[in-house]
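Subject: Structure handover

Dear colleague,

Here is the structure you asked for.

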Amino acid sequence: TDELVSQYCEFQYGDTHFGVENFAIECAKIASTFAKNKTKALDLGCATGRATYELAKEFDKVEGIDFSARFVQVGSKLKEDGYVAFTSKEEGELISHKKVTIEDLGYENVKEKVSFWQGDACNMKPNFDAYDLIMATNLIDRLYNPRLFLDTIEKRLNVDGILVITSPYTWQESSTKKEFWLGGYKDKDAKEVKTLDTLKKILADRFELVHTQDVNFVIKETARKYQHTISELSVWKKK
């Protein structure tokens, strides 16, 4: 929707709030420190593309993929037209108009390294491969089959490749049928199942877990209403 596109433009390209750093920038910064090689990276669940550009400061080539064509058009527009204009909801029907340029963001020298594609994380085309880093941002709890994604992702990584997963684990049946949830429920023995524990089980034979940390983010809804969320970032090195 127009409103969601505007909200994510504000989230990725707008002001920071309550002392919480820009989430896309922070994730790209953390992910880059763990990548041994920096030839090609994938920003999966890139939304409006801010982290894709940030990764391009470190990598030779970065591809941004999102399920929403509307989202990836924003990143493409910044590359092609040199600016993004969006609205920010203030109160009721009142909005403010904002515009950021590629020069404001400091991406004029990296824009040729990035490209944006609409795609399905559970069914990506074969040409999306040979990555040194795959960053799956706030994605795992919105996939229709997260296990399928995890079972196939290492094939797209190079030797020494790094997979970074961030998620607040807000599982919901409107995105993922309950039988496909990786956590947030009790099993048949009434034991609590947490997402990170399931990730460890699924990835253990192909990845080594090397780091976890919390990364906060704030999404503005109106001038007086904000979402403050804590995403868990986990870093996995391909064996």
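K38 is partly exposed, with a relative accessible area of 27%; that class lies between buried (under 20% relative accessible area) and exposed (over 50%), using a 1.4 Å probe and protein chains only. This is a predicted model, in which local features need pLDDT of at least 70 and side-chain atom pairs count only at pLDDT 80 or more, while totals for chains, interfaces and linings use all residues. Residues are numbered from 1 along each chain as its sequence is written, and side-chain values use heavy atoms, with hydrogens and water left out.

Salt bridges

A search of the whole structure gives 17 salt bridges, each being a side-chain nitrogen of Lys or Arg within 4 Å of a carboxyl oxygen of Asp or Glu. One of them pairs K38 with E58, with 3.1 Å between the closest N and O atoms. E58 sits in the loop between α3 (50-55) and β2 (61-66) and K38 in the loop between α2 and β1 (40-44), so the bridge ties together parts 20 residues apart in sequence. Helices (H or I, at least four residues) and strands (E, at least two) are DSSP runs, numbered from the N terminus. E58 is also partly exposed, at 40% relative accessible area.

K98 bridges to D15, the closest N and O atoms being 3.4 Å apart. This pair links distant parts of the chain, 83 residues apart: K98 is in strand β4 (residues 94-101) and D15 in the loop between α1 and α2 (23-34). K98 is partly exposed, at 23%.

R142 and D141 form another salt bridge, with 3.8 Å between the closest N and O atoms. R142 is partly exposed at 35% relative accessibility, whereas D141 is buried at 1%. Salt bridges that share partners join E10, D15 and K98 into one network.

Helix α1

E10 is one of the buried residues of α1, along with V5, S6, Q7, C9, F11, Q12 and Y13. The helix has 12 residues (2-13) and should span 16 Å, which agrees with the 16 Å between its end C-alpha atoms; the expected span is 1.5 Å times one less than the number of residues.

Cysteines

C27 is buried at 1% relative accessibility, and C122 is buried at 9%.

Regards
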